[in-house]
Amino acid sequence: MKHTISLLVENSFGAFDRVATMFSAKGFNLHSITIGETEIRDISRMTIVTSGDDQIIGQVVKQLNRLIDTVKVYDLTKNDRTERELALITVLYQKGVLEELKNINDIFRGKVVDINNKSITLEITGPPAKINAAVNVLLPYGIKEMARSGTVALRRGEQIKQPKKELESTKV
Amino acid sequence: MAKSKKLTGADIFFESLKRENVEIVFGYPGGATLKIYEKLYDIDFLKHILVRHEQGATHMAEGYAKATGKVGVVLVTSGPGATNTVTGIADAYMDSVPIVVFTGQVPTHLIGNDAFQEADIIGITRPITKHSFLVRDVNELAPTIRKAFYIAASGRPGPVVVDLPKDMINSECDYEFSETIFIRGYKPNYNGHLNQIRKAAKIIAGAKKPLLYVGGGVIMSDSAPELTAFAREYNLPVTMTLLGLGAIPGTDKLSMGMLGMHGTYWSNQAVNNCDVLVSLGARFDDRVTGKVETFAAKAYKIHVDIDPTAIDKNVLVDLPIVGDVKKVLEELKSAMPAAPQIDDWWEKINAWKEECPLEYDMSDGRLRAQYILERLSDLTEGNALIVSDVGQHQMLIAQYYKFNNPRSLLNSGGLGTMGFSLPAAIGASFGVKDKQIISISGDGGFQMNMQELITAVANKVPVKFIVINNSFLGMVRQWQELFHAEKYSFTDLGSSNPDFVKIGEALGIPSWSTDKIDEVDTLLEKVLDINDGPSLLEFKVVKEEMVFPMVPSGGSISDMILERLNPKRMV
């Protein structure tokens, strides 16, 4: 089963590497991984999509927690959450299909972000399943290039009780 | 707070070591660390041991750390100096040994340029360190060193690498030492969950066939007295892992010896038949469990460990308790509602003991390692500090030496690093003054870090180096005989082995060799009396000897091999 894990890490040298290395060293599945700034200075949020049975996911969470740079790990799979992914998809087109492509784009509430006389680039945002659906529809037209951001996710707001407590430091 | 003054990175380095109460550093100088060595020339609060190869330095630091419980410190230069430490770091990671390895690095502006003696040691060691730091600002040096020592020694201990670019060591800054350093993401949990502990106590009290399975965590948390007291109070059988030996005296009637691949027959039978298995500071390693599906299959499993990742990693347990074994044992003892009634269980265990004791045959008059180790155990009354290498002799030490005290068997358990014993014994000798220190290696492992004999001589360390020479890579030979069609592929060292006595003598080490049973005691007594420097003793033993019992890799207890399948193979 797929799990979406969100973790807060120190924005320090090599923190991203440590997470990625841990996945390969332990042989865990890694479907997507993203990293970016947060509202807190010096802390980055990583969103990881992984899969495995309960024992494996348990280990993934514990191994992530074990990394010194990890401040907090949330397995969002159990929570009510918002998940989004962004895809840029460039499709080749022949005469006559441009309207069809624009219709598809509208159905997926995408944006046309680039166009020339051979190809059109769509920006589609949404849950990963929606992106997959868009990709499937566009495939027969001939996808020239595609870039997917990987999943970013957050718990829904009402679940956040004491957001700052877990960020307290230990005196050494 | 100290008054601020201009300090170089090297000054800050030594001031930090002083604040960590470091008394000894194992190192080797080089281009990137010259400034540190320049300062070291006038430093008198710590001793620097010049090794002959950086791998030796890491094993010495491990030996020192394992024997004393303090953090071992290594100081090496960049590039090859750093990469030579890798095996020792991996070894420390597997056996949870607190060491801090300072590596020189090329100046910051040259990093990534394939500069002379550059290696990405942080990248190389990432999966084999508890944590690592690259110092990129000299103002961060002191807090980094503080964190490195704290991380190495706390929680489940482990190795930490601190990479020091040359410009960080050389540059100056106004620096004030702060007494308080903060870490955000690292909070080891020492106190076990009280309700879990109470539940465990109830289950142990109600057990008919309980067994304590004790690992290295008990040794390194200094919980051996608590463990022994707990076991004695409730008359509980104790089986130990390789790293757990010494947790309870080997001569105690509650001691079952080691379990696992080369564990005692009765230990493994007890694991197979127990109804409650209490794992204390052990990690269900594959050399202990064999086939996981059949390991203690009938038992309710309680697992106490300070590292949450150890829980449910190899074997799913019924009751996990994350915490410091020492604290958990104290709580457990006071929570026990009653003593379990286990007289029948002891009867069974004793029957297994009689059914299949540890034994060996020396009726052909030829010398065996088992005999040497038995004699050594008697002559030192189980009180020596034994530093073992890896292979057959290691398993035989675990079987035949009766360890009286914790921290008295040092060896490479997880990684199985040949060449560990010789330097680790040297390292231990700087921290331990009240025990005889005996390094025991096979002829293969002895040659892997033989260069450190020079370090032993230079520092007149009173280590007794024993080589058990069977002219073979004995354990590999054993597997070749049992599982690889008797193809003794590249394990015969006999024709090319050096004359170990001459090697010792070339370095000025008093050295002896024998293959005679009746000379064993005399020669052992001789080296045990030499306390002003190293000594060397080679025993030439039967090359075809094997270690039994043996549970084949990945096998169940029922697959245990108790004796040579075909005795005729013995030449």
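Predicted model: local features only at pLDDT ≥ 70, side-chain atom pairs only at ≥ 80, totals over all residues.
**Exercise 1. Strand β10 of chain B**

Solution. 
- Step 1. Sort the side chains by direction. B:Leu211 and B:Tyr213 point one way from β10(B), while B:Pro210, B:Leu212 and B:Val214 point the other way, and all are buried.
- Step 2. Five of the five residues of β10(B), residues 210-214, are therefore buried, and the strand is largely enclosed by the rest of the structure.

**Exercise 2. Helix α14 of chain B**

Which residues of helix α14 (residues 325-335) of chain B are buried, and what covers them?

Solution. 
- Step 1. The buried residues of α14(B) are B:Val325, B:Val328, B:Leu329 and B:Leu332.
- Step 2. These residues lie on the same side of α14(B), because they cover an arc of only 100° around the axis.
- Step 3. The general rule behind this is that an α-helix has 3.6 residues a turn, so residues three or four places apart point the same way.
- Step 4. The cover over the buried residues of α14(B) includes the chain B helices α9 (194-205), α10 (216-220) and α11 (224-234). It also includes the chain B strands β13 (276-280), β14 (300-305) and β15 (319-322).

**Exercise 3. B:Thr8**

Is B:Thr8 buried or exposed?

Solution. 
- Step 1. Locate the residue: B:Thr8 is in strand β1 (residues 5-8) of chain B.
- Step 2. Its relative accessibility is 7%. Buried means under 20%, so B:Thr8 counts as buried.
- Step 3. List its contacts, leaving aside neighbours within four places in sequence. B:Thr8 is in contact with B:Lys39, B:Ile169, B:Asn170, B:Ser171 and B:Glu172.

**Exercise 4. Salt bridges**

How many salt bridges does a search of the whole structure find?

Solution. 
- Step 1. The search finds 31 salt bridges over all chains.
- Step 2. One pair is A:Arg66 and B:Asp307, whose side chains meet at 2.9 Å, N to O. A:Arg66 is in helix α2 (residues 54-66) of chain A and B:Asp307 is in the loop between β14 and β15 of chain B, so this pair joins two chains. A:Arg66 is partly exposed at a relative accessible area of 28%, whereas B:Asp307 is buried at 3% relative accessibility.
- Step 3. Another pair is A:Lys102 and A:Glu99, at 3.8 Å, N to O. Both belong to helix α3 (residues 98-107) of chain A, and because they are three residues apart, about one helical turn separates them. A:Lys102 is partly exposed, with 37% relative accessibility.
- Step 4. B:Glu23 and B:Lys70 form a salt bridge whose closest N and O atoms are 3.2 Å apart. The pair links distant parts of the chain, 47 residues apart. B:Glu23 is in the loop between α1 (9-19) and β2 (24-27) of chain B, and B:Lys70 is in the loop between α3 (54-68) and β4 (72-76) of chain B. B:Glu23 is partly exposed at 35% relative accessibility, and B:Lys70 is partly exposed at 39%.
- Step 5. Salt bridges with shared partners also join B:Asp364, B:Arg366, B:Arg368 and B:Glu545 into one network.

**Exercise 5. Chain A as a whole**

How many helices and strands does chain A have, and in what order do the elements run?

Solution. 
- Step 1. Chain A has four helices and ten strands.
- Step 2. Read from the N terminus, the order is β-α-β-β-α-β-β-α-β-β-α-β-β-β.
- Step 3. The C-alpha atoms of chain A fill a box of roughly 70 × 30 × 30 Å along the principal axes.
- Step 4. Of the 172 residues in chain A, 45% are buried.
- Step 5. Among contacts in chain A with a separation of 6 or more, 73% are between residues 24 or more positions apart.
- Step 6. Chain A exposes about 9500 Å², and carbon and sulfur atoms supply 50% of that area.

**Exercise 6. A surface patch**

Which residues make the nonpolar surface patch of about 200 Å²?

Solution. 
- Step 1. The patch is made by A:Leu86, A:Leu88 and A:Val113.
- Step 2. A:Leu86 is in strand β5 (residues 81-92) of chain A.
- Step 3. With a relative accessible area of 32%, A:Leu86 is partly exposed.

How values were computed. Residues numbered from 1 in each chain as written. Chains lettered and ligands numbered in written order. Heavy atoms only, no water. Buried < 20%, exposed > 50% of the residue type's maximum accessible area, 1.4 Å probe, protein only. Arc of directions from axis to C-beta. Contact = heavy atoms within 4.5 Å. Patch = residues over 30% accessible without salt bridge, like charges linked within 9 Å, V, L, I, M, F, W, Y side chains within 5 Å. Areas by Shrake-Rupley, 256 points an atom, 1.4 Å probe, with all protein chains shown as cover. Salt bridge = Lys/Arg side-chain N within 4 Å of Asp/Glu carboxyl O.
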